[in-house]
Amino acid sequence: MEWEVVIGLEIHVQLSTTTKIFSGASTAFGAEPNTQACAVDLALPGTLPVFNENALRMAVMFGLAVDAEIGKRSVFERKNYFYPDLPKGYQTTQLAEPIVGPGHVDIETDEGVKRRVRIHHAHLEEDAGKSLHEDFHGMSGIDLNRAGTPLVEIVSEPDMRSSKEAAAYARKIHAIVTTLGICDGNMAEGSMRCDCNVSVRPKGQEAFGTRTELKNINSFRFIERAIDTEVARQIDLIEDGGKVVQETRLYDPDRNETRSMRSKEDANDYRYFPCPDLLPVVIDDSYIEAIRATLPELPDARRARFIDEYGLSEYDAGVLSAYRAQADYYEQVVNACGDAKLAANWVMGELAKFLNQSDTDIKDSPVSAEQLGGLLVRIKDNTISGNIAKKVFELMWSRGGSADEIIEAEGLKQVTDTGAIEQIVDEVIANADKQVEQYKAAEPEKRGKMLGFFMGQVMKATGGKANPGAVTGILKQKLDALCD
Amino acid sequence: MSLDRSDVERIAHLARLQIDESDIPSYTENLSSILNLIDQMQQTDTAGVEPLANPLDAVLRLRDDVVSESNQREQLQAVAPAVEKGLFLVPKVIE
């Protein structure tokens, strides 16, 4: 039987506010345990929440970016459950009246599948603390620094039909929230976490199958793998005559399997009710429009402009516009060197390679956009070849300094003096009787390919500094003269 | 609407309340009469009435995003039953 996969995502985005959603404690990452958990976060008796305007602003920004209706009136509710990292015994969240109503984003997979994914709603809520289960002689350790960190939970409609679409959707949300600057996008630190609701149904059937929820996936690659694994499990189960049980499952990347985490028997009864400590949040058009006026250029618009203005391919434009810091960097390189395609090749090529290898964010790149632009200028004006430029780049990365300084200090300037090149070419030809004979014996149209050997010899003799264009011309001219 | 014994046991479990077996009949009766009152209120015609999230005729005040709390871990943990390496210790919980 042919199966269709149905996926909906719930993405938790940690907002990059300075303080918590309901208290004035800092949200900075990596502090000593419980040093950023104040009386409100600890739910000590008598404390009351005071709502952070910046969290509201960021949620509205997101809503505007996905073309959603903004809730002019939104209400916080209590979601009741017991867990030690939730000191109040409830999570303050929104349910019936969220800040962001229905919206949508357009996605495209690597294979070119395009789809509009509807967003059901997005709501504001608080994060819980962290439980550490190791090494406390049979006890669990609780760190409440994260408790009260503002989150926007973005709930999609079940509109995705493959794991690749789910990953593309998650990437798009990531691109939007980082472009807006409302989230640092650091998935390894948990700034963006994803729950995937997955079900399968026979192709053509309208009713949804029973879904399972895969919790807390924190990388795009794992979204794909977790869904693929779960889909295979569900199909095997059904084809063997079994039934999918609605439950929460955990994806184990080491074993590449999902396993049952807890049954929803009790957990489903959260007994939501409006939080009596918080009044309804009411905003007006002028508040919303003032925020709209501050929105930066969004990834889709930037991608379109990159194609239009710089003549980039759809793929290159998509990669470069997906992350705001990278897009900004790229545009600075273009401004500095005046060559959009060369800049794209270097930002996505050599620079990306070095950033990946050293696990460095482009914002912290040791080679600045101006410096990289300066290097590319020297490729364009034939001071150095592309190969030598890679060497210069490596030195810029490890030692710092401008391209010009390194080219000068290392003596890497390209030899463009034709007299000097001719002399070297003559020597190479004189020492390569065998290859010269082969060249002469070859069909004229095959000779072009045979230049490679001579080219290599000339480059070897000049330490790679000879201008490749000039060498090719001179070699061809001199060798062809021997053939006549 | 009336509750039975198992409803009461379930509500107590969700609220993590330990209740005496012998009290269950009276709880069942009390809670049922509260629900009966609610049933009675439900009879009222509320068509066209906005649901009320809060009885106060006011909207939420907002706070500037500025740190106002300093580290007071020592005082805050002074009353905790068990602490280690800055963490609150609780009976082991495993998902």
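What distance separates the centres of domain 1 of chain A and domain 2 of chain A, taken over C-alpha atoms?

Reply: This is a predicted model, in which local features need pLDDT of at least 70 and side-chain atom pairs count only at pLDDT 80 or more, while totals for chains, interfaces and linings use all residues. Residues are numbered from 1 along each chain as its sequence is written, with chains lettered from A and ligands numbered from 1 in the order in which they are written. The model scores ipTM 0.84 and pTM 0.82.

Taken over C-alpha atoms, the centres of domain 1 and domain 2 of chain A lie 35 Å apart. Chain A is assigned domain 1 (3–287), domain 2 (299–410) and domain 3 (418–483), the bounds coming from an automatic or database domain assignment. Six residues from domain 1 of chain A and five residues from domain 2 of chain A make up the contact between these two, where contact requires C-beta atoms, placed from the backbone, within 7 Å. On the domain 1 side, helix α2 (residues 163–180) of chain A gives the most, with five residues; helices (H or I, at least four residues) and strands (E, at least two) are DSSP runs, numbered from the N terminus. By class, that side has two nonpolar, two polar and two charged residues (Ala, Val, Leu, Ile, Met, Phe, Trp, Tyr, Cys and Pro count as nonpolar, Asp, Glu, Lys and Arg as charged, and the others, Gly among them, as polar).

The largest nonpolar core has 115 residues, and those with the most contacts inside it are A:A59, A:F62, A:C196 and A:V392. Such a core is a set of buried Ala, Val, Leu, Ile, Met, Phe, Trp, Tyr and Cys residues joined through C-beta atoms within 7 Å, buried meaning that 20 or more other C-beta atoms lie within 10 Å of a residue's own, with C-beta atoms placed from the backbone. Helix α2(A) gives the most to this core, with ten residues, and the core draws at least three residues from each of domain 1 (3–287) and domain 2 (299–410) of chain A. Apart from it lies another core, of ten residues, among them A:I421, A:V425, A:F454 and A:V458. Leaving aside residues up to four places away in sequence, A:A59 touches A:I99, A:V100, A:A122, A:L124 and A:V152.

Turning to the strands, β1 (residues 3–14) and β11 (residues 192–202) of chain A pair in the antiparallel sense over eleven bridges, pairing being counted if DSSP finds at least two bridges. Within this pair, A:V5 has A:V200 in β11(A) as its bridge partner. Strand β11(A) is also joined, by four bridges and again antiparallel, to strand β12 (residues 212–217) of chain A, where A:V198 stands opposite A:T212.

Finally, the contact between the chains takes 43 residues from chain A and 34 residues from chain B. The largest share of the chain A side, five residues, comes from β9(A), and by class that side has 22 nonpolar, 15 polar and six charged residues. Four bridges join β9(A) to strand β3 (residues 87–91) of chain B, the two running antiparallel, and B:P91 in β3(B) is the bridge partner of A:M139.

Methods. Buried ≥ 20, exposed ≤ 12 C-beta atoms within 10 Å, placed from the backbone.
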